[in-house]
Amino acid sequence: MIDVRALEKPEGAEEYRRSLKNRGEDPKWVDKIADLNLKRKSIITQQEQLRAEQNRVGEEIAKKKRAKEDASEMLTRMQGIAGQVKELDAKVAAAEAELNEVLMRLPNKLHSSVPVGEGADDNVVVRADGVKGTFAFKAKEHWELGEKLGILDFERAGKVTGARFTFLRGAAAALERALIQFMMDVHAHEHGYEEMIPPFIANSLSFTGTGQFPKFQDDVFHLGGTDYHLIPTAEVPVTNFYAGEILKESELPAKFVAYSPCFRSEAGSYGKDTRGLIRQHQFNKVELVIFAHPDKSYELHDQLTRHAEKILQKLELPYRVMNLCSRDIGFGAAKCHDLEVWLPGQNAYREISSCSNFEDFQARRAGIRFKGTDAKAKPQFVHTLNGSGLAIGRTLIAILENYQQEDGSVVVPKALEKYMGGLSLITAKK
């Protein structure tokens with residue numbers, strides 16, 4: 001959520017107008033916020049004046065009672081003031097709710113290093129790594145490889161549930177499990193993140209804290225008759241781990257790596273990536289979440305990106321890092337690096353991780369602050385960061401397509417052999 005006080009300064013208001021325009025949003029929202037904030041502050045001023053009058057009259061009543069004088073007229077006046085204060089309490093609450101309703105639906109302010117652009121074609125390549133393999137045959141897409149090997153079953157999953165679900169069988173199930181273990185091990189043991197397995201269901205307050213609600217409620221699976229929802233990413237429960245709390249400055253950065261299944265309705269994506277594992281309603285992911293001191297968050301953003309890249313490097317998968325432009329970046333992110341892995345079957349790079357710095361956008365919504373050693377200093381909002389480290393299903397896709405052989409078999413990456421019981425080649429079931 002945007003800091004209203006920052007918008008009260010002319011330079012802050014102008015920066016946010018520019019950010020909204022670059023995102024493709026209406027910059028007039030800044031004027032709407034200013035009007036609502038002025039209305040709220042005007043009511044608060046009236047309220048404070050009445051409370052001051054209430055205190056003054058209270059003192060007069062006390063004096064009259066001590067002097068054993070008639071205070072009935074003053075008491076009547078006090079009752080009238082109390083009634084007015086109560087009315088203003090309701091008006092303040094309504095004005096704040098109206099302002100917050102607007103603020104909750106507006107995106108984060110973009111960092112100055114975010115390129116201005118109209119869409120994915122305007123994203124900027126930061127760096128690329130790995131060598132694209134060359135094939136003496138036409139590379140197949142992962143879904144074709146998986147079906148011929150007998151390790152991906154889309155038809156039976158469609159029968160059991162519906163479209164965009166898959167049965168992983170045999171080596172695919174083992175590979176999925178191996179990838180989860182491998183990624184958790186690397187991030188916990190080499191990168192210093194604390195392991196976590198969070199709840200896979202969260203309440204509306206948690207979704208609001210991370211920015212999915214109220215704007216993106218249609219993208220979430222809801223549990224009927226409850227205030228529970230299936231999580232679309234471990235970002236939701238893990239970021240809210242410290243919701244409403246004040247951390248010690250010495251506890252920062254707090255770094256977590258979490259495994260979870262993810263559930264997404266994929267509202268508005270019908271007709272896109274209908275074959276295979278690219279866009280599923282259910283998938284597994286390993287998520288990195290960092291709670292950072294504001295002065296260190298961009299240093300940690302680069303570090304988090306490098307940590308996600310390390311998985312691709314260890315698996316020897318070619319990829320590139322993209323600095324997302326203003327109209328392709330997510331709602332809550334101030335800056336985002338996408339990792340895109342090369343898929344030879346599709347002859348294209350596809351996103352496998354988004355590493356975002358939200359600055360204090362989520363922390364302001366979720367009430368996550370920290371306090372230093374100075375007892376007089378007010379608590380500050382932390383900065384939150386997260387990124388996939390990585391999306392498991394898309395990593396499985398990348399392995400199938402990059403390690404495929406002409407006979408349809410798939411080589412197991414060296415880094416995963418020990419997690420696969422020594423298996424080095426995936427072949428078709430006999």
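Student: How many bridges join β7 to strand β13, and do the two run parallel or antiparallel?

Tutor: Start with the general idea: strands of a sheet pair through backbone hydrogen bonds, either parallel or antiparallel. Keep in mind that this is a predicted model. Here, β7 and β13 (residues 369-371) run parallel, joined by 3 bridges. To see the pair residue by residue, look at Leu-247, which stands opposite Phe-370 in β13.

Student: What is the order of the strands in that sheet?

Tutor: The order is β7-β13-β14, an open sheet of 3 strands with mixed pairing. The edges are β7 (246-248) and β14 (380-381); each has a single partner strand, so one side of each lacks a neighbour in the sheet.

Student: Now an antiparallel case, please. Which strand pairs with β11 over 9 bridges?

Tutor: That's β12 (residues 348-357), which pairs with β11 (residues 335-343) in the antiparallel sense. As a landmark, find Lys-335, which sits opposite Asn-357 in β12. The two strands make a hairpin with 4 residues between them, and there Asn-347 has a positive phi near 55°. β12 also pairs with β15 (residues 383-391), again in the antiparallel sense, through 3 bridges. In that pairing, Ser-356 has Asn-386 of β15 as its bridge partner.

Student: How do I read a single residue? Take Leu-300: is it buried or exposed?

Tutor: Leu-300 counts as buried because its relative accessibility is 7%, and the cut-off for buried is under 20%. Leu-300 belongs to helix α10 (residues 297-314). Leaving out residues up to four places away in sequence, Leu-300 touches Pro-253, Ile-290, Ala-292 and Leu-385. Take one of these, Ile-290: the C-alpha atoms of Leu-300 and Ile-290 are 8.1 Å apart, with the two residues 10 apart in sequence.

Student: And a residue in a loop? Where is Ser-265?

Tutor: Ser-265 is in the loop between β8 (254-263) and β9 (282-292). Ser-265 has a relative accessible area of 11%, so it is buried. Its side chain reaches the backbone oxygen of Asp-218 at 2.7 Å.

Student: Let's zoom out. How many helices and strands are in the protein chain?

Tutor: The chain has 12 helices and 17 strands. Its C-alpha atoms fill a box of roughly 105 × 45 × 45 Å along the principal axes. Of its 430 residues, 51% count as buried. Now look at contacts between residues at least 6 apart in sequence: 73% of them join residues at least 24 apart. Finally, the accessible surface is about 21,200 Å², and carbon and sulfur atoms account for 49% of that.

How values were computed. Residues numbered from 1 in each chain as written. Predicted model: local features only at pLDDT ≥ 70, side-chain atom pairs only at ≥ 80, totals over all residues. Heavy atoms only, no water. Buried < 20%, exposed > 50% of the residue type's maximum accessible area, 1.4 Å probe, protein only. Contact = heavy atoms within 4.5 Å. Pairing = 2+ DSSP bridges. Polar contact = N/O pair within 3.5 Å; in protein donor to acceptor, adjacent residues only side chain to side chain. Areas by Shrake-Rupley, 256 points an atom, 1.4 Å probe, with all protein chains shown as cover.
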